[in-house]
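Hi,

Here is the structure I promised to pass on. Have a look at it first, and then read my notes below.

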Amino acid sequence: MMRRRTTLLTGCTALVLALGATACGGDKPVSAGGGDKALTGQTVTVAGVWSGSEQKNFQKVLDAFTAKTGAKTQFTSTGDNVSTVVGSKIEGGNAPDVVMVPQVGVLQQFAQKGWLTPLSATTQKSVDSGFAPVWKKYGSVDGTLYGLYFKAAHKSTVWYSPDALDQAGVKPPTTYADLLKAGHTVSDSGLAAFAVAGQDGWTLTDWFENIYLSQAGPEKYDALAAHKLKWTDASVVKALTTLGTLFKDKQLMAGGSNEALNTDFPGSVEKVFGPKPQAGMVYEGDFVAGVAHDQFHRTIGKDANFFPFPAVDGGTAPVVSGGDAAVVLKDGKNAKAGMKLLEYLATPEAAAVWAKAGGFLSPNKNLDLAAYGDDVTRATAKSLVGAGDSVRFDMSDQAPAAFGGTKGAGEWKILQDFLRDPSDAKGTAAKLESAAAKAYQN
């Protein structure tokens, strides 16, 4: 699953995503057991949400680890409910050694349950030298570093078919009002404006978060993410109303809400970049490129491009980030070899494997930009690592999994219901608050 997860920058448009300094190169890669096949005969079990092209590309990284250390790897895709699946495996005495965690809230939950092993001194040294402080912050619980952010995402981008926008005579918009206006123009030209992946509730949280961050501002965003601000606040109702304007407009969504609710994330990308296009645009993160390229053979920058999620109601253009953190479980049968895998994942050498394959951004500033396979991603990565330490992490990923990360429950389910019927923003806000209060226990 392409969970939580580029924008070619021009002029003063910047991706204000916190990933440290601009320098590439520098530190030497940390050896993961050396090149002497020190782990031959051992197997590292890995669990994560990735499937499809993401799983295929991550397997290339695992295969490189095998070639370097001799350790075999076994990857299991958990689907959306990583927290539930991993918890069940631990209870059943079959805990994986390493889990790729897509949510800060789940990482915190695992740490609080005592499931995690603090990262080794070697990995911590790599994090300190190669990653901006924000990634260490999100990987730490009570001052202890448990998670290594191997894959980052920029989730404030709208991907589009250049042919579709050219045919409609539309230029990439810079305001949300202009986005909807452009959408109607695209629709008038014969294609729906947007493909919306409503079957995957997490995509709907991303829509909300971008609107909310731009409209309400970063302070309220932080307060809502920590549940220090109630979901019944007027700012939430306003953001839902803004989102509802899109959801209720059948001219803007391919197939309307019913079809959107039956469209998963890869399906939404197919509706724009597949062999039979049904829409001109799809909103989601930089990982759209991986699907458009790998599954539909689109040339990024030519057949598929993107623009920043536009500013809402005079606010600043939002920048929402995400990422997948590798953690080591105490109960894994081969946790020591698992830690060696994390030492490898912390190196630019490991990041370069997936960077070459595409659909990937690394938080590691020591990764040579030449490792990326196309100019669009390369330009995005350059601005990414040079953007400083100012980031707003995906809000639902910061929440307890019961609210922000569980299929068919919490925020995912409530926003799917809102997509089905967006007529009652205030009532939806009340349902969100009820679910949040139960999950946060405050």
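**What I found**

Let's start with D128, which counts as partly exposed because its relative accessibility is 48% (buried means under 20% relative accessible area, exposed over 50%, partly exposed in between, with a 1.4 Å probe and protein chains only). Before going on, two notes on the ground rules: this is a predicted model, where local features need pLDDT of at least 70 and side-chain atom pairs count only at pLDDT 80 or more, while totals for chains, interfaces and linings use all residues. Residues are numbered from 1 along each chain as its sequence is written, and side-chain values use heavy atoms, with hydrogens and water left out.

**Salt bridges**

D128 has a partner: its side chain meets that of K136 in a salt bridge, at 2.8 Å from N to O (a salt bridge is a side-chain nitrogen of Lys or Arg within 4 Å of a carboxyl oxygen of Asp or Glu). K136 is partly exposed too, at 28% relative accessibility. In total, the structure holds twelve salt bridges.

Now try D206 and K155, whose side chains form a salt bridge of 2.7 Å, N to O. This one links distant parts of the chain, 51 residues apart: D206 is in helix α8 (residues 201–216), and K155 is in the loop between β6 (148–154) and β7 (157–160). Helices (H or I, at least four residues) and strands (E, at least two) are DSSP runs, numbered from the N terminus.

K271 and E259 make another pair, with their closest N and O atoms 2.5 Å apart. K271 lies in helix α12 (residues 265–273) and E259 in helix α11 (residues 256–261), so the bridge ties together parts that are twelve residues apart in sequence. K271 counts as buried at 10% relative accessibility, whereas E259 is partly exposed at 27%.

**The cores**

The largest nonpolar core has 67 residues, and the members touching the most others are V46, F58, V98, M100, F150 and L345. (A nonpolar core is a set of buried Ala, Val, Leu, Ile, Met, Phe, Trp, Tyr and Cys residues joined through side-chain atoms within 4.5 Å.) Helix α14 (residues 335–345) gives the most to this core, with seven residues. A second, separate core of 54 residues includes L213, L261, Y283 and A436.

In helix α9 (residues 218–225), the buried residues are Y221, L224 and A225. Those three sit on the same side of α9, because they cover an arc of only 100° around the axis (the arc is that of the directions from the helix axis to the C-beta atoms). They pack against several elements, including α8, β11 (320–328) and α20 (425–440). Just after α9, H227 takes a positive phi of about 55°.

Helix α10 is mostly covered, with ten of its 14 residues buried. Among them are V236, L240, G244 and F247. The buried residues of α10 pack against elements including α7 (176–188), α9 and α19 (410–420).

Cheers

Conventions: Contact means heavy atoms within 4.5 Å.
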